[in-house]
Amino acid sequence: MCGIVGYVGKEEATKILLDGLTKLEYRGYDSAGIAIRNKSEDLRIVRAEGVLKNLIDKVNALGDIKSTSGIAHTRWATHGDQSERNAHPHSSNDNFIVGVHNGIIENFQELKEKLLHNGYTFYSNTDTEVLIKLVDYYYKKYKGGPIDAINKVMVRARGSFAIALMFKDFPDEIWFAKKGSPLIVGKSDTGCFLASDIPAILKHTNKVYYVEDFQSGCMKNNSIIFYDLNGDDVTSSMELKTIDWQLSDTEKGNYPFYMIKEIEEQPKAVWACLNVYTKNDLVDFDSIGITKGYLKSLDMVYILGCGSAYNVGRVSECIIEELTDVGVRVELASEFKYRCYKLKKNSLAIIISQSGETKDSYEALQKCKEEGIKTLSIVNVKGSAIPRAADYNIYTYAGPEIAVATTKAYSSQLIIMYLFALALAEAKGDISQSEMKTYIKELKALPDKMESILSNKASVQKFANQFVSKKDVFFIGREMDYAICEEGSLKFKEVTYIHSEAKPAGELKHGTLSLVTTGVPVIVVATQPELIEKSMANMEEVKSRGANVIAITLEEFNVSNSSKYQIYIPKTNKLFTSSLVIIYLQLLAYYVSIAKGINPDQPRNLAKSVTVE
Ligand code: BG6
């Protein structure tokens, strides 16, 4: 979804705003814009279609501009095409009010008719222009000041929004409001900042307030005031939080792209999780408040998420089923909200999300709460909406993840789910403490094995070119190997724009095999000892149709006759092979992406966290 930034203070606002946008571009790169003001001088608005660089070039062409306050936006189009006309900031026809918005106004058509009826005209097809003009309408009609107008809009507009506004009457003041979409505000010695996400302002401050739903406020003269829906000042109740991320964590460093940097950071991210959530080679969830007794009481686990987070659930399902008799159901959060089956009592809903802001996952969590089901969130971004609503929270210590296609957060979430499955199995008496210790030792050996794979990236890069011209690619496997293929295929699609499908290997012959012809690449993941013969039969099956078979397997399985190429993962417990296989699949997607000249950090039409349904 979009990214917004705002600043007022003593420093050059334009530079701070454009810098902030570069750190939010993973939230959308269809167009960008900025509105700046120097003290009480008139506002200047600059907008540009496409990636942020186009806006930066336009602003630089304006020469040396002075500005003490401003707002800025990078867009992921939902209403209206990617044109400059639909780019933010949007303004009232007299530029009296100018604003940027992250979210969706569901009843914008109805509001637009109301405003048209009151003489307003429109130059774009965005919901945001309607929102800004609705603020203008209430501001001018009731003359109750910015907070009164904003609060009226908060009630009248349905949907989600985080907005930042500049009013002609109030130079050097930035007004803001939140309902559903993320918004943080922070302060440094030289000014006040607001943004959709931490990386945008981390350069200036690591002290932030998380704006709550239906809150609004104003930044001016190095002070920030918060208001509730009644217009009462609630600043004293706000808690200033300290962010434990380093600015360097949000920088690319010497890497060409964030995706390869984050792929390389996986051993460290996995270590961080194991350090925090194990003690004496046993799982330690005490800090989270999940007791052995509670785990023992569980009969059912629901795992909910979107995209790669859902795929973590798919692998976890196989492990929980392998270790315990507890029921598991994995659901796409966007579907789960509308399923009609009754959630079982004695169950726990686990909501997995890197950003902690994905709307579909947030709504799925709310449904579980409404049905009285306990919720556990596994999230990477502290203070985000999902952990603030969940009963229990487990943070993954992967650090800021900037590339749109998740990698290190996926691997951290997987480790957490391994630990959860082991803790559940031990609580249920399905495994002993000494068996758990053996598993944990195996997990603690994973980071080195990941390092050994990463030290030989060339073994994957050599395959990249043969994929560049392909139209179809298949990832097949059985049971847990199929589940990891789902993530491999999603990564591949996300950053290469080549159609790929993950299929259960045994299912191919029931239809999809018609698409396997000479030269079609088929990646076969075969890491499960009890299924290797079946998987080799499937290799033969596609090979006989002319497919280029690449087997990702273990050295002990001799598949060289059934496959054209073999990639051997380091030996590990069969429950944890996914954590090693995924590194190869991420690297394949990355190298094919750059071989095609694609920027893997910002795949077209996608965004890092989607805060709309
Ligand atoms: C998509 C991202 O927008 O959302 C995916 O491009 C991600 O990489 C999915 O897996 C879910 O996001 P989150 O933040 O809820 O894990």
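This section describes the sheets, nonpolar cores, aromatic contacts and selected backbone features of a predicted model. Residues are numbered from 1 along each chain as its sequence is written, and side-chain values use heavy atoms, with hydrogens and water left out. Because the model is predicted, local features need pLDDT of at least 70 and side-chain atom pairs count only at pLDDT 80 or more, whereas totals for chains, interfaces and linings use all residues.

Secondary structure was taken from DSSP runs, with helices (H or I) of at least four residues and strands (E) of at least two, numbered from the N terminus. Two strands are treated as paired if DSSP finds at least two bridges between them. An open sheet of six strands has the order β5-β6-β7-β8-β12-β13, with antiparallel pairing.

Another open sheet comprises eight strands in the order β3-β2-β4-β1-β10-β9-β11-β14, and its pairing is antiparallel. Its edge strands, β3 (44-49) and β14, each pair on one side only. Two bridges connect the antiparallel strands β11 and β14, and K207 has T242 in β14 as its bridge partner. Helix α2 (residues 52-61) packs on this sheet through β2 (31-37) and β3, its direction making about 140° with that of β3.

Nonpolar cores were defined as sets of buried Ala, Val, Leu, Ile, Met, Phe, Trp, Tyr and Cys residues joined through side-chain atoms within 4.5 Å. Residues are buried under 20% relative accessible area, exposed over 50% and partly exposed in between (1.4 Å probe, protein chains only). The largest core contains 167 residues, and those with the most contacts inside it are L55, F285, F420, L443 and I523. Helix α13 (residues 408-427) supplies the largest share of this core, 14 residues. Leaving aside neighbours within four places in sequence, I523 is in contact with F467, V473, F474, F475, I476, I550, I552, L585 and L588.

The structure holds 23 aromatic pairs. Rings of Phe, Tyr and Trp (its six-membered ring) pair if their centres lie within 6.5 Å; planes under 30 degrees apart are stacked, those over 60 edge-to-face and the rest tilted. The ring centres of Y209 and F226 are 5.2 Å apart with planes at 65°, so this pair is edge-to-face. Y209 belongs to strand β11 (residues 207-210) and F226 to strand β13, so the pair ties together parts 17 residues apart in sequence. Both Y209 and F226 are buried. Y302 and Y341 form a stacked pair, at 6.3 Å centre to centre and 25° between the planes. This pair links Y302 in strand β17 (residues 300-305) to Y341 in the loop between α10 (333-336) and β19 (347-353), 39 residues apart. Y302 is buried at a relative accessible area of 1%, and Y341 is buried at 19%. Ring pairs also link F96, Y139, F167, F170 and W175 into a cluster.

Charges over rings were assigned if NZ of Lys or CZ of Arg is within 6 Å of the ring centre and within 35 degrees of the ring normal. K367 lies over the face of F336 at 4.7 Å from the ring centre, and K382 lies over that of Y395 at 5.6 Å.

Most residues other than glycine have a negative phi, and most peptide bonds are trans. The peptide bond from H88 to P89 is cis, with omega near 0°; P89 lies in the loop between β4 (69-75) and β5. N95, in the loop between β5 and β6 (97-105), has a positive phi near 55° and is partly exposed at 32% relative accessibility. Phi of N280 is likewise positive, near 55°; N280 lies in the loop between β15 (278-279) and β16 (282-283) and is exposed, with a relative accessible area of 59%.

Terms used. Contact means heavy atoms within 4.5 Å. Axes are lines fitted to C-alpha atoms, for helices over the stretch in contact, and angles run from 0 to 180 degrees between N-to-C directions.
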